Amino acid sequence: MIWSLTMSKTKYDRQLRIWGEVGQAALEEASICLLNCGPTGSEALKNLVLGGVGSITIVDGSKVELGDLGNNFMVDERSVGQSKAKSTCAFLQELNDSVKAKFVEESPDTLIMTSPSFFSQFTLVIATQLVEDSMVKLDRICREADVKVVFVRSYGLVGLVRVSVQEHTIIDSKPDHFLDDLRLNNPWPELNSFVETIDLNVSDHVAHKHIPYVVILVKMADEWTKSHSGNLPSTREEKKEFKDFVKSKMISMDEDNYKEAIEAAFKVFAPRGISSEIQQICNDSCAEPSSSSSDFWVMVAALKEFVSNEGDGEAPLEGSIPDMTSSTEHYINLQKIFLAKAEADFLVMEKRVKNILKRIDRDPSSISKPTIKSFCKNARKLKVCRYRTVEDEFSNPSVTEIQKCLADEDYSGAMGFYVLLRAVDRFTANYNKFPGQFDGGMDEDISRLKTTALSLLADLGCNGSVLPDDLINEMCRFGASELHVVAAFVGGIASQEVIKLVTKQFVPMLGTYIFNGIDHKSQRLLVFLKPEAFQGAIKAINERILSVLDDSGSGRVDMGMHVLNDKRKRVAFEALMWKPVKEGSSQITKTDAEKYIKLLRAIYMLEAHGEEEEITFNQFLDMLDDPDWGFGIMSTVLRLESNDRNRHGSQVCSVCRYPIIGSWFKEVKARFSLCSQCYSEGKVPPPFKQEEDYRFREHGSEAEAMKPKCVCFSVQSHKKPIATRKKQRN
């Protein structure tokens, strides 16, 4: 066993540095099923076999043909006429003999129809080159069996990757940007005691320049709060004053430790406690554990208890400290203090986990110590991903999002190919071949595909939308071919997502990934996001902007001259007042969006990084999505989207033209509909503005909206009370 572990470490040394021994162990225990072993599937599986996945099963009922030799490196001339699954399996086995490999000579479509229980034995299924109907059925089967699915497709110069799983929880999300867990603004007693033993006014110059910046900032923060009624710096002026205060303690300009303290001063201003994203996870209904709860949600329940009790609003300490200028003695002592605190928090968490397990009649030792320790270390970085079903995506599309992408110059190609890949499946179902698959009849196939695509757009609710002829011509020119260079790239993306899902490290992609080899673009389409969710995110951002304008926390904002004289507040006010050029339109132009993002950047980069430091635009976008430093916009959008399930079918507000969510107000006589926001603001459609009295019936759900149509009119008790509202003349 020891020899095996040593060999494994040597063999997989490079990747172990990325996902560690725990991630590698998860990979080696995984059982992967590949449906269709063409070049796309073979390339995806090749990467996993080289990475040391536990076992693979290839399902393909076709034979190797001469054409396969030109795009699939997993077959050769000797394979022609033989089972493609068997040949590919043999070649992949040669790459890594420690991987168990087997094959099933059967069509994946047939297996999906006749043997749905077959898939329950796997950790994950990679489904390549499936048509729409099979995707929907497989997704339903795998969700019921709690098996993850990654759909992959390459079609000429186009590729698609889409993850589907009911829920995916991540302990070690490995974010690109994350603050060190130093608790500079909330030190615990042992850290305070250590800090008190060090004198910042020491006369020895060498000793002075080797005081760790953690000690400097804790001391400076303590001095500051004593002279500011117990408050840390909050306004821009106070933060600048605090940095100057730290700088004043320097004896000479070559003291790197004080320079580090000034650069890290923003960590003192970081909000205390857990982030809104972790709070959201703790408040999730799954955080109320039962006997069927996963280990993750049991530990989340323990975390929730810890934060409310021993943690005093904080998550367990991570226990690590970054490199810094310091004497060896100070650094080691500091390390010991952080490690001791982390260990103490872990022991409390472990006890709470065991108590919860006992409470739900499970073995108190069923969750291992290393797992709990890893959870504690990464408690601030937890992620929960929930994916929309493929069936829901296909049957209930986001019309506004599709239209917006089709009209956007940057996304029109990706969305066009997304629609055309679905149109191709319809074409195949109708004509029993892919467009352009056989020689001759190209013009007819182009015409048929165009008609099919327009019909699909109409079914999606995008009447009037058209796809460029160039895209349609290209889809027919591809003839359903799999080009190896595209297959290798798309397969690589797919295997990367598989590793994220299996190791439960890093965050898998949301939405549908489209590779456009013609324009050399890779884009992710969040086709499940509704416009009202975006509105909610902007509202959340505006609340953060208001907090910039409201320094005192009074809840009031004075737009007097002092605001206009403060550059950052002036920009914040401009962002708050921002409106798109085409106000009232269902779409926002790229120029408008960039202007808004630049306003946000101007506000927030000063807050997080200091006025003099410059960051790139991409760095800012990462920071914008960070729950600790930025606005956490994506989690806000996804939360709004997942919670907004009380929709009224195709009902649209007659004023703002957005789909109606929540309460639906229908005018009894004029028959127009209002969303709750427009109703509360007293708005009505332009043609009715001269009317004086309006009588509305409020519907709380789709079912309630149907009641007046279904019940006898004489049964008054079933009717919803009618609200009356006076409307003033304009």
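In the predicted model, strands β5 and β6 (residues 158-164) are joined by 7 bridges and run antiparallel. Within this pairing, Ser-154 has Gly-159 of β6 as its bridge partner. The hairpin formed by β5 and β6 has 2 residues between the strands, and Gly-156 adopts a positive phi near 65 degrees there.

Strand β5 (residues 148-155) is largely enclosed by the rest of the structure, because 8 of its 8 residues are buried. In a regular strand, side chains alternate between the two faces of the sheet. Both faces of β5 are covered: one side carries Lys-148, Val-150, Val-152 and Ser-154, the other Val-149, Phe-151, Arg-153 and Tyr-155, and all are buried. Strand β5 also pairs with strand β4 (residues 124-128), in the parallel sense and over 5 bridges; the bridge partner of Leu-124 in β5 is Lys-148. Between β4 and β5 the chain passes through helix α6 (residues 132-144), giving a right-handed β-α-β crossover.

A parallel pairing is also found for strands β2 (residues 55-59) and β3 (residues 100-104), which are joined by 5 bridges. Here Ile-58 has Phe-103 of β3 as its bridge partner.

His-168 lies in strand β7 (residues 168-170). With a relative accessible area of 1%, His-168 falls under the 20% cut-off and is therefore buried. Apart from neighbours within four places in sequence, the contacts of His-168 include Lys-148, a residue of the β5 face that also carries Val-150.

Asp-361, which follows α15, has a positive phi near 60 degrees.

Cys-462, at 1% relative accessibility, counts as buried, as does Cys-476 at 0%. The structure holds 0 disulfides.

Over the protein chain, the secondary structure amounts to 30 helices and 16 strands. Of the 730 residues in the chain, 48% are buried. The accessible surface comes to about 36,000 Å², and carbon and sulfur atoms account for 51% of this area. Among contacts between residues at least 6 apart in sequence, 67% join residues at least 24 apart.

Terms used:
Residues are numbered from 1 along each chain as its sequence is written. This is a predicted model: local features need pLDDT of at least 70, side-chain atom pairs count only at pLDDT 80 or more; totals for chains, interfaces and linings use all residues. Side-chain values use heavy atoms; hydrogens and water are left out. A disulfide is a pair of cysteine sulfur atoms within 2.5 Å. Buried means under 20% relative accessible area, exposed over 50%, partly exposed in between (1.4 Å probe, protein chains only). Helices (H or I, at least four residues) and strands (E, at least two) are DSSP runs, numbered from the N terminus. Two strands pair if DSSP finds at least two bridges between them. Contact means heavy atoms within 4.5 Å. Accessible areas come from the Shrake-Rupley method with a 1.4 Å probe; for residues, only the protein chains shown count as cover. A crossover is right-handed if, with the strands pointing away from the viewer, the path from the first strand over the helix to the second runs clockwise.
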